[in-house]
Amino acid sequence: IVMASMAGGAAILSAGIALFLSNRIISPIRHLTQGAERVSSGDFTVRVDEEGTDEISELSRAFNQLTTNLQSLRSVNSVTLGTQDLDQLLRRLLESVVASTRTEGGAIALVDLSTDEIVTESSFRLPPDLTQLRHKIGEGLLGRVVVTGQPVVVSDAQHDLRVTNPDILALGVRSLVVLPLK
């Protein structure tokens, strides 16, 4: 009887371990695999459950970020392929980026080689005070990004010493992302 109880206990323990492995490892991997198959078919809206703190949860978060990025790239790509006029292209590109990043607004500035100034070519949902600004190459945040080619992210524009433009500070801009277009 003791042997039978031990064998029965071992079977229950084995079943418990199998159930645990199925719920914690196999099921999330199966969902990631199914999600990857949908992405390979062109569905970039797929998301997987991210709950937890283990490696599979980290992989799930990375997968979801990847699909979000792919969805944004597809949106930008469709905008650029359907437009021939530069002004219209910049406007549509900017609208797409603002929508996909869920920001309040944005601008695209280009270098005017005849004046060595950076001039706003297109803006979306920004006050006119911000879109009329001209910057010298190398000066201010935008000018430094043009020189270095490196993006800058400012989380608190009102307290970041790199933000020196009084117009930006006066308008109460909270955060900035300045990206070089190469």
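1. Pocket terms first: on a 1 Å grid over the protein atoms alone, a pocket is an open set of points where a 1.4 Å probe fits, with protein on both sides within 12 Å along at least five of seven lines, and lining residues have an atom within 4 Å of a point. Grid points are joined across faces, edges and corners, and a volume is the space filled by probe spheres set on them.

2. A word on the source: this is a predicted model, where local features need pLDDT of at least 70, side-chain atom pairs count only at pLDDT 80 or more, and totals for chains, interfaces and linings use all residues. Residues are numbered from 1 along each chain as its sequence is written, and side-chain values use heavy atoms, with hydrogens and water left out.

3. Now the overall layout. The protein chain has 6 helices and 5 strands, in the order α-α-α-β-β-α-β-α-β-α-β. These are DSSP runs numbered from the N terminus: H or I of at least four residues for helices, E of at least two for strands. Of the 182 residues, 27% count as buried; buried means under 20% relative accessible area, exposed over 50%, and partly exposed in between (1.4 Å probe, protein chains only).

4. Back to the largest pocket. It holds about 1,600 Å³ of space and is lined by 48 residues, with Gly106, Ala107, Leu176, Val177 and Val178 nearest its centre. Helix 3 (86–101), strand 1 (106–112), strand 2, strand 3, helix 5 and strand 5 each give two or more residues to the lining. By type, the lining splits into 28 nonpolar, 13 polar and 7 charged residues. For that count, Ala, Val, Leu, Ile, Met, Phe, Trp, Tyr, Cys and Pro are nonpolar, Asp, Glu, Lys and Arg are charged, and the others, Gly among them, are polar.

5. Contact here means heavy atoms within 4.5 Å. Just past the helix, Gly149 has a positive phi of about 75 degrees.

6. Have a look at Ser57 too, in helix 2 (residues 55–81). Ser57 is buried, at 4% relative accessible area. Its side chain makes a polar contact with the side chain of Asp54 at 2.7 Å; that term means a pair of N or O atoms within 3.5 Å, where within protein one must be able to donate a hydrogen and the other to accept it, and residues adjacent in sequence count only if both atoms are side-chain atoms. Setting aside neighbours within four places in sequence, Ser57 touches Glu50, Glu51 and Gly52.

7. On to charge pairs. The whole structure has 4 salt bridges, each a side-chain nitrogen of Lys or Arg within 4 Å of a carboxyl oxygen of Asp or Glu. Asp43 and Arg38 make one of them (2.7 Å, N to O); Asp43 is partly exposed at 22%, as is Arg38 at 42%. Arg162 pairs with Asp160, with the closest N and O atoms 2.8 Å apart.

8. Glu117 and Arg134 also form a salt bridge, at 2.7 Å between the closest N and O atoms. This pair links distant parts of the chain, strand 2 to strand 3, 17 residues apart. Glu117 counts as buried at 16% relative accessibility, whereas Arg134 is partly exposed at 44%.
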